[in-house]
Amino acid sequence: MDKVTIDRIQLLHPKLRDEATDIYHDICEVLKGKAMCRFTHTLRTFAEQDALYNAKPQVTKAKGGQSYHNYGLAIDIVLLVDKDGNGTYETASWDVKTDFDSDGKSDWMEVVAIFKRYGWEWGGDWKFYDAPHFQKTLGHSVMELQKMQNTQTVRKNVGYLNL
């Protein structure tokens, strides 16, 4: 279990935390061997989103408020690989084809299958290909979430929309 990932799960919208924890446990069960999965991004502030949007080269097509990350409804992942077998996962990989644990299945696609089993949308299925991205919208468009953000009182001391 990766403490960084566990900590990042706690940043998700409260309605998704338990499910994301279950997803992560399932991922840990299937990835045996040289690769592990890390959740690299969950909740992002609007300012953090704008910084990625304005970065050169541009990291995202979404401005602050236009990403499900801004509402704690998205996860980005990376595979960390232990190339020399010493127990240190020192290499980041976004390779969707490699079978690091030699079970006959791409490790990345095993992760995708787990997220999809829980009803999450995968950015790898989009016209704008975004393989590290998963989101669960809870039935809301980004435009609806923006409107709610502008008009709804967020839950006191939590900062999440009441979905």
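Student: Which residues lie nearest the centre of the largest pocket?

Tutor: Val59, Thr60, Asp76, Asp130 and His133 do, out of 25 residues that line the largest pocket. Keep in mind that this is a predicted model.

Student: And what is the volume of that largest pocket?

Tutor: About 460 Å³.

Student: Which elements give two or more residues to the lining of the largest pocket?

Tutor: Strand 1 (35-41), helix 3 (46-54), strand 2 (74-81) and strand 5 (133-135).

Student: How do the lining residues divide into nonpolar, polar and charged?

Tutor: The largest pocket has 10 nonpolar, 10 polar and 5 charged residues in its lining.

Student: OK, next one. How much space lies in the second largest pocket?

Tutor: About 170 Å³. The lining of the second largest pocket divides into 9 nonpolar residues, 1 polar and 2 charged.

Student: Which residues line the second largest pocket?

Tutor: Among them are Met1, Asp2, Tyr24, Cys28, Lys32, Met36, Cys37 and Tyr89. Helix 2 (14-30) and strand 1 are the elements that give two or more residues to the lining of the second largest pocket.

Student: I spotted two cysteines in that list. How many disulfides does a search of the whole structure find?

Tutor: It finds 0 disulfides. For Cys28, the nearest cysteine sulfur is that of Cys37, 7.8 Å away.

Student: Changing topic: where does Thr42 lie?

Tutor: Thr42 is in the loop between strand 1 and helix 3. With 2% relative accessibility, Thr42 counts as buried.

Student: What is Thr42 in contact with, leaving aside its neighbours within four places in sequence?

Tutor: Thr42 is in contact with Arg8, Leu11, Leu12, His69, Ala74 and Ile75. With Arg8 there is also a polar contact: the Thr42 side chain reaches the backbone oxygen of Arg8 at 2.9 Å.

Student: How many residues apart in sequence are Thr42 and Phe134?

Tutor: They are 92 residues apart in sequence, while their C-alpha atoms are 9.6 Å apart in space.

Student: Now Ser106. What is its place?

Tutor: Ser106 is in the loop between strand 3 (91-93) and helix 4 (107-117). Its relative accessible area is 14%, so Ser106 is buried.

Student: Which backbone oxygen does the side chain of Ser106 reach?

Tutor: That of Val96, at 2.5 Å. Not counting residues up to four places away in sequence, Ser106 touches Lys97, Thr98 and Asp99 as well as Val96.

Student: And helix 4 itself, which of its residues are buried?

Tutor: Asp107, Trp108, Glu110, Val111, Val112, Ile114 and Phe115 are the buried residues of helix 4.

Student: What do the buried residues of helix 4 pack against?

Tutor: They pack against helix 2, along with strand 1, strand 2, strand 3, strand 4 (121-122) and strand 5.

Student: Last one: what follows helix 4?

Tutor: Helix 4 is followed by Gly119, and the phi of Gly119 is positive, near 90°.

Methods
Residues are numbered from 1 along each chain as its sequence is written. This is a predicted model: local features need pLDDT of at least 70, side-chain atom pairs count only at pLDDT 80 or more; totals for chains, interfaces and linings use all residues. Side-chain values use heavy atoms; hydrogens and water are left out. A disulfide is a pair of cysteine sulfur atoms within 2.5 Å. On a 1 Å grid over the protein atoms alone, a cavity is a set of points where a 1.4 Å probe fits but cannot get out, and a pocket is an open set with protein on both sides within 12 Å along at least five of seven lines; lining residues have an atom within 4 Å of a point. Grid points are joined across faces, edges and corners, and a volume is the space filled by probe spheres set on the points. Helices (H or I, at least four residues) and strands (E, at least two) are DSSP runs, numbered from the N terminus. Ala, Val, Leu, Ile, Met, Phe, Trp, Tyr, Cys and Pro count as nonpolar, Asp, Glu, Lys and Arg as charged, and the others, Gly among them, as polar. Buried means under 20% relative accessible area, exposed over 50%, partly exposed in between (1.4 Å probe, protein chains only). A polar contact is a pair of N or O atoms within 3.5 Å; within protein, one must be able to donate a hydrogen and the other to accept it, and residues adjacent in sequence count only if both atoms are side-chain atoms. Contact means heavy atoms within 4.5 Å.
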